[in-house]
Amino acid sequence: MSATELDPISTPSPISAAEIANAMKQETNPWAAQAARFEFAARKLNLDPGIWRVLSLPSREIIVHIPVAMDNGQVQVFTGYRVQHSIARGPAKGGIRYAPDVSLDEVRALAAWMTWKCAVVNIPFGGAKGGVICDPQKMSQGELERMTRRYTASLIEFIGPEKDVPAPDVNTNEQTMAWIMDTYSMHMGQTVTGVVTGKPLDLGGSRGRREATGRGVSVMCDQSLKYLAKPCDSCRVIVQGFGNVGSNTAAILAQKGYKIIGIAEYNGGLINRNGINIPALLKYRAANGTINGFTEAEPIDPAELLVTECDILIPAATENVITSQNAGKVKARILCEGANGPTTAAADEILAENGVFVVPDILANSGGVTTSYFEWVQDRQGYFWAEVDVNDRLDRIMRESFEAVLSYATTHKVNNRIAAYMLAIDRVAFTIKQRGIYA
Ligand SMILES: NC(=O)c1ccc[n+]([C@@H]2O[C@H](COP(=O)([O-])OP(=O)(O)OC[C@H]3O[C@@H](n4cnc5c(N)ncnc54)[C@H](O)[C@@H]3O)[C@@H](O)[C@H]2O)c1
């Protein structure tokens, strides 16, 4: 049976075909969004049906219920996940997020995207993701530490430098990674820095890792403008999300001469058509805990910013923010996806009709995992590189990956997102074929 004849009933999925169809309509389920793009790309590749089935499902899904002693003396139980989508190309790799709306389908999608992302940049990792359902804003540092350590202990036999290497994601940071590294090391009876990436510098972290995702996004903006033969000077940029990815992207782009005219946060937005002073805004946010009230820009509805006239729009916050509802109103020439899964499958079609040049998430935000790979290599070598070497190697990989995706898009006459999936699936499938199916 050829891939194009593949019977959907024989194509495994953790959720039913009806659930996928419903989720596609509602544009809310990231697993459905991932599955739709995978299926399209797999058909284009005429992917072997057996490999199609293997890659349609995560290889391992772990659910843990974590008891935590809270500051008020009560015991609270949190639910956490770790999904390993593929270890075909190397240890599983992917971040851990803490948020109230974490779900298994979201973690599954994020794990699959990690497989594709690592393959797009051709680094020797598979894909994984983790998450804990909690509201970190309402938890003390002590509660977060105890939850992190217990979550790590619950996963102890499944993670490790050669098995699965977590990293920061939404609402987790260098401190979270330090706790995970310490907990894992205590269980192993020795310090094992390579179990996580995104660690503090003094604990085996890499120079340049904190800014790496933003730096990678900035290289994608440079390459897109070059490809479209447009100047970068004073190019107008709007960024959604002012966390790790958004703020570093904005700061690096501003240094490169781009004009950051808008910043959208979940609780407010800022606009200044002459360009927002990003270092000043970073200082203001550090002092006030919010971007709201910054007087060197006008307040604006954050949803409005996504459809405001600009050259480059960078969603760098969360999933499903460009949907069929607003995609037709996007006025940017380039959509460069700092976040994972910011655009729904329905929105993709509208953006394509309107000629928006999309740099898809699995390419655009791959700078983070690429520098995580450098961190893992440095931990294993016990030899730490200068920041300039980290950044030069990152820039080179990002540029080469952009070229590879664009060349797939041209050769196969598909959009950039499907090209990135095709390139990734092709690489993972090749490895699975070479390894064979263990029996
Ligand atoms: N940290 C990394 O290295 C990395 C790497 C690749 C991809 N990503 C992806 O980038 C995105 C952001 O990750 P991060 O690490 O910067 O997280 P973060 O927690 O540091 O920052 C997220 C920011 O987005 C804001 N935000 C949340 N929902 C929003 C909304 N609906 N509208 C506007 N702002 C909103 C938050 O207030 C916060 O400032 C996620 O999709 C993540 O998976 C992160």
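Reader: At what distance does a backbone N or O atom of V245 lie from an oxygen atom of the ligand?

Author: That distance is 2.9 Å. A polar contact is a pair of N or O atoms within 3.5 Å; within protein, one must be able to donate a hydrogen and the other to accept it, and residues adjacent in sequence count only if both atoms are side-chain atoms. T213 brings a polar side-chain atom to 2.7 Å from a ligand oxygen atom.

This is a predicted model, where local features need pLDDT of at least 70 and side-chain atom pairs 80 or more, while totals for chains, interfaces and linings use all residues. Residues are numbered from 1 along each chain as its sequence is written, and side-chain values use heavy atoms, without hydrogens and water.

Reader: Which helices and strands each supply at least two residues of the shell around the ligand?

Author: Helices (H or I, at least four residues) and strands (E, at least two) are DSSP runs, numbered from the N terminus. Here they are α7 (209–227), α8 (244–255) and β7 (259–265).

Reader: What is the strand order in the open sheet?

Author: In general, strands of a sheet pair through backbone hydrogen bonds, either parallel or antiparallel. DSSP must find at least two bridges between two strands for them to pair. The seven strands here run β9-β8-β7-β6-β10-β11-β12, with mixed pairing. Because β9 (298–300) and β12 (357–359) are at the edges with a single partner strand each, one side of each has no neighbour in the sheet.

Reader: How many bridges join β7 to β8?

Author: Four, and these strands run antiparallel. For instance, A264 has G269 in β8 as its bridge partner.
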